[in-house]
Amino acid sequence: MSLFGSIVRMVSPGMLATVAARLGAHAPFDALDAGALGALAESVEIRYAEAGELLFREGTSPEGHAFQVQKGSIALERGFDEDADAEPVLVALADEGDLVGFRAHLAKRSYAATATTREPSLLYVMPVAALDALMEGNPALAGRLAATFAADAPLRGEALASAVRHSRVSRPPPRGSVPPGRSSQPPSPLPALSLFDETRNIEPIRDLVTCPPEASVAEAARAMAARNVGSILVLDDGRRPIGILTDSDLRKRVVAAERVPATTAVSEVMSAPVTTAPEGESLARVLERLLGRRLKHLVLTEDGTPSTAVTGVLSEHDLLTAHGNLPTVVLSDLRRARDRPALRRARDRGEALLQQYLDAEISMALIASMATAMNDRLIRRALALATAADAEAHPEPLPAFAWLSLGSEGRGEQLLRTDQDNALVYADPAEAVDAAARKTRFLALGEHVVSTLDAAGFVRCPGNIMGSNPELCLSLTEWKEKLGTLIRVPEPMALMEASIFFDLRYAGGDATLPAALRVHVHEETREAPRFLSFLARNALQNPPPLSFFRGFMVERSGTHEDRFDVKARAMMPLADAARVLAVDAALEEVGTAARFRALGARERKNADLYEEAALAYELLMRLRARSGLAQGDSGRFLEIEAMGKLQRQALRSTFAVIDDVLTVLMARYRTDLLR
Amino acid sequence: MALPAWWSRRRMRHAPAEAVRAYAEGFAPAPSRTPWREARFVVFDTEATGLDIGADRLLSIAGVGMRGDVVVLRDSFECLVAGDRVGADAAPVHGLVPQDLDGGADEESAALDFLGYVGGAILVAHHAAFDVAMLDRCLAAGGGRLLNPVLDTEHLARRLKAGGSPGRLAREPRVSLDVLAARYALETPARHTAAGDALLTALALQRLLHAAEARGLATVGDLLRR
């Protein structure tokens, strides 16, 4: 500043430009505009530290500034004490571009680790107040900032949620790397974010066609015809929704039932209860609800429950015609496919669609529920083809059975087509003498389904985990015995194989059979607590690595690897942990994220951790699916060097969450006692 | 380089004698026993039309403050000499009156602003003698000159390398800023602008100060001894 009353502010624009460019070369500051970057640059102090210089100490209060590593690296260690013999535990390494020391300030906690330079380092030191000021006016930056300071200390809570959101704002995988023969159609560019903006609110139908419950079916049908709509909402005196009457209800429950007179009250034939939702949900959330529960309509009420008045209706049909009807086209093609080639074509289109949705950064929950809806519909169609073939061969009706999806497909997490994991359960024969004939009949049915799925692109399981395998095509009682033995006499090796049976989901047929099986599993596990310990120990086989450093993965042992097995080292520990906890709590949920969320609702103490675990799992699913589409494989191995810094940071942020989840398992199931 | 909006605002003219007096009266350099970690350095660079102090004219000055070995961006300074930058044709656009464009007057104004910014700091430059002479020439008309202690990074680099032996110091080859940048793997954006070179010199000084500290040079006096 000039002493002579000059009004010109004397900060060097040239130096600010240089520093701003260096600051902005790394996330999160790469997202700042020139003005904000210049203002931040002005607050920077440049420090050069030799190797081994202490920056801040674990347990002390935040000192009001954060460090961006320009060159060199910083080690963050717990239990650091120069005088003690005890080795400190390295919790993170921060390298070029990482922001260190800000999290403690944000969390208003003392430093979680001691920071020392690992090598001579050039550091940009910023007052946290300048970062606060930037975040205030820029929520997007706040999210990116959250993703960046993962190196500082484990990224948790809202910060992790932001990281997950922001990991989606990343480069699409390179095109052209998909080998020929895969995903046969080049995906047409989806005008995704304009046409299919998951965050956009959808305008519901406000001009509703309604009737009271005592109205006659004839009156209701006339009202529907007059307004040319496919459904009528049934409301009570307080305009609260008590049911819905659709064209399909009229066909099935009135016309086809023959003896139902047209004077029958609507309340007797309507579908009830209706599924309600609050106003203002995003398209993604609404589609997720509709696809997940196979609903056609969502009734909006004042508070989102059926006990308040109706405010509008969202129909799947309107939504999907307004927002791109591709998912419905694929689903209805799957439903109508007459043969295996038609199923294959429809599922190929579905995969191209999923790829576009992944590229368009649609929410993982929606993508997974779309993939699952497609796979389920395909399986149902395969079952219909199989039962039709069965009916030709057998005059007597087919006994009740259910098709079960296992493993990742069972958890509803299979985004890309991988090999099959399924099984068949059928109702117990009344007479023991019928057992062999029944088994033979269902094995033939299972083989028919499996070969349909194979033709549709789901290759046969090399481990023969399929409904065509005599070991896995069993009556309900045989299944109960099989799982009961696994639970009562757990063997580590058998358990690794067996864990997929605890991720079973009803995919078609008679839903009461898998429900009975689930009840049985719960009863058995209550009798055999040791089983849960074994299952928990299984989850602890492959803990995540410590961190990433530059292009490498750093193991706790200090060794380096340049690629990362995201399935074995991050997804499986989480899926395994969710399974143990879910089996223990007798949850119905099968999906890993859904399991964690359901657990969070029951266990308030760990609710935050479980939400983080759910977010982390969704992040990992996305990374893996992207990698799979880019590399034309299962996506299991991530090339660390090829990942963006932000992706690497987001991935790294899941490790601490996984560690904490595993710690919960260790404490709860006393896995240490099994060693 | 694009200048920010405030830059085009008309710069106020100073009464040179008054400005020089204020600088001289307020001049309070750190005592030589002060640890250099507690001292304020101003690392600066000037650009001129040539190397002849008498005939060539000042084009720009930039400096950045350091608190010990920490570079403080907020404590920085940059001034382009308007007369040479915009030329006579551009004068009406910038609202500069003709006497402002008279090279001498603007050089002096820039140098006076720099005096006010520097205060009692230790001045640091690479081949500092040239920059100091250039500024002194600009200040002379108003009866001023730089009073600050001056540290030359070129000399300091040679001195540290010679390890205290006067004979070796004399034999050490001259060290250019590029050589220092290469030695310390410093990036060199905006090289040969006053701002770029001043910032680069500051980053080199950080390394030299650490080397000096390793040799037991702890005070301002230790650094300034030749």
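Trainee: Which residues does A:Pro204 touch, residues up to four places away in sequence not counted?

Mentor: A:Pro204 touches A:Glu279, A:Leu300, A:Val313 and A:Leu314. These count as contacts because contact means heavy atoms within 4.5 Å. Do keep in mind that this is a predicted model, where local features need pLDDT of at least 70, side-chain atom pairs count only at pLDDT 80 or more, and totals for chains, interfaces and linings use all residues. Residues are numbered from 1 along each chain as its sequence is written, chains are lettered from A and ligands numbered from 1 in the order in which they are written, and side-chain values use heavy atoms, with hydrogens and water left out.

Trainee: Where is A:Pro204 found?

Mentor: A:Pro204 belongs to the loop between α7 (192–195) and β9 (210–211) of chain A. Helices (H or I, at least four residues) and strands (E, at least two) are DSSP runs, numbered from the N terminus. A:Val299 is 95 residues from A:Pro204 in sequence, yet their C-alpha atoms are 9.2 Å apart in space.

Trainee: Why is A:Pro204 called buried?

Mentor: Buried means under 20% relative accessible area, exposed over 50%, and partly exposed in between, with a 1.4 Å probe and protein chains only. A:Pro204 has 7%, which makes it buried.

Trainee: And what makes B:Ala129 exposed?

Mentor: Its relative accessible area is 60%, so B:Ala129 counts as exposed. This residue sits in helix α6 of chain B, and its C-alpha is 8.7 Å from that of B:Val150, 21 residues away in sequence.

Trainee: Which residues of α6(B) are buried?

Mentor: They are B:Ala128, B:Asp131, B:Val132, B:Met134, B:Leu135, B:Cys138 and B:Leu139. They cover an arc of only 160 degrees around the axis, which puts them on the same side of α6(B). The arc is that of the directions from the helix axis to the C-beta atoms.

Trainee: What makes α24 of chain A mostly covered?

Mentor: Of the 25 residues in α24(A), 22 are buried. The helix reaches 36 Å from its first C-alpha to its last, close to the 36 Å expected at 1.5 Å a residue. Just after α24(A), A:Gly632 takes a positive phi of about 70 degrees.

Trainee: At what angle do the axes of α15 and α24 of chain A cross?

Mentor: The axes of α15(A), residues 364–393, and α24(A), residues 607–631, cross at roughly 65 degrees and come within 10 Å. Axes are lines fitted to C-alpha atoms, for helices over the stretch in contact, and angles run from 0 to 180 degrees between N-to-C directions. On the α15(A) side, A:Met364, A:Ala365, A:Ile367 and A:Ala368 meet A:Glu618, A:Met621 and A:Arg622 of α24(A). By class, this contact of α15(A) with α24(A) has five nonpolar, no polar and two charged residues. Ala, Val, Leu, Ile, Met, Phe, Trp, Tyr, Cys and Pro count as nonpolar, Asp, Glu, Lys and Arg as charged, and the others, Gly among them, as polar.

Trainee: Which peptide bond is cis?

Mentor: The bond from A:Ala272 to A:Pro273 is cis, with omega near -10 degrees. A:Pro273 is in the loop between α10 (266–269) and β12 (276–277) of chain A.

Conventions:
The expected span of a helix is 1.5 Å times one less than its number of residues.
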